[in-house]
Amino acid sequence: MEHSELFLLLPRYEEVEGQPEYIRTKGVMTENEILKVIENINEICRFIANENYEGYYDADNVSSFLYPVETMEECYPSIKTRMRMVMSRWGENWRMQKVQKDTESYMCHGLPIKDDTLCEMAERKAVATDGSVFLLVNQDAFSDAVKAIQVKRNQADWELEVRKADFKSVLKWYETNRKPQRIFNLNPKHGENGKGPHPANKGEKVSILMCSREEAENMLLKAIGADLRVLYFFDQVHNQYIEFKCESENTYHGFHLDAMDEKRVPEDIKLMLNKLI
């Protein structure tokens, strides 16, 4: 079944050998700097929790990043435990179910690469037959300006999409790459452009869709929720929350919430939306 696969890549500690040369090196980081990286990854996990994705990391890459922690553990209390917890939340070590093959050749920037994340992504993309999509999430492993990397697998070039590791960049990518994509269904019960509700409602209170179908479709792609049954977004044009209810699988209808009804938007979702918009 089509889905998305997200591969996390971290910088490498400058004294560690055997890591790919294209990965940025770092000196000794402070405890707060490492905790900021951990929280950044954790925040992405919170925002994409409902996406149909598989997350992967390279345990060797993580070990390279944490090398000073391993050698000076007394200076970094609890760091290893917190990193282990966030990696578990992110996904799995791809080395445990490695797909790349020693019989295939891989190159990046004209240089051979082997046994690394780019090889793994290129191989998975090459053999995928279900329409799945792949994203490299760049946690300062190289410049934030990089949006794609070309990897040559044998004689074929494979473009790997890249986004910097922050929740806004990753969610923006999902707006056009979600698998399967969300579908908006205009329910006449809630009207459109503030006109409605449908006469068949017999005077009962019914929430109204204040925007157009097209605007609602766009907001649905950005909406978040505690689970996929109900999603929310904040409509800045109308200064109201909009709620999307799942009808079947990935199809939703939507309507705006007045001051009374917006109380049902969970507080944690409101906080997340405040960060998002």
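In which sense, left-handed or right-handed, does α1 pass α4? The crossing of α1 past α4 is left-handed, a term applied when the near helix is turned anticlockwise from the far one by less than a right angle, with clockwise giving right-handed.

Before going further, I note that this is a predicted model, in which local features need pLDDT of at least 70 and side-chain atom pairs count only at pLDDT 80 or more, while totals for chains, interfaces and linings use all residues. Residues are numbered from 1 along each chain as its sequence is written, and side-chain values use heavy atoms, without hydrogens and water.

Helix α1 covers residues 31-47 and helix α4 residues 79-90; their axes come within 9 Å and cross at roughly 20°. That angle makes α1 roughly parallel to α4 (under 35 degrees; over 145 is roughly antiparallel, 65 to 115 roughly perpendicular, and the rest oblique). The axes are lines fitted to C-alpha atoms over the stretch in contact, with angles running from 0 to 180 degrees between N-to-C directions. Helices here are DSSP runs of H or I with at least four residues, and strands are runs of E with at least two, numbered from the N terminus.

On the α1 side, the contact (heavy atoms within 4.5 Å) includes Ile34, Leu35, Ile38 and Ile41.

I turn now to the sheets. Eight strands form an open, mixed sheet in the order β5-β4-β1-β8-β10-β9-β6-β7; two strands pair if DSSP finds at least two bridges between them. At the edges stand β5 (92-93) and β7 (111-113), each with a single partner strand, so one side of each has no neighbour in the sheet. Within this sheet, β1 (residues 4-9) runs parallel to β4 (residues 53-57) over four bridges, and Glu5 faces Glu54 in β4.

A further open sheet, also of mixed pairing, has five strands in the order β11-β15-β14-β13-β12. Its edge strands are β11 (183-184) and β12 (224-227). Strands β14 (residues 240-248) and β15 (residues 251-256) are antiparallel over six bridges, with Ile242 opposite His256. Finally, β12 and β13 form a hairpin with two residues between them, and Ile224 has Tyr232 of β13 as its bridge partner.
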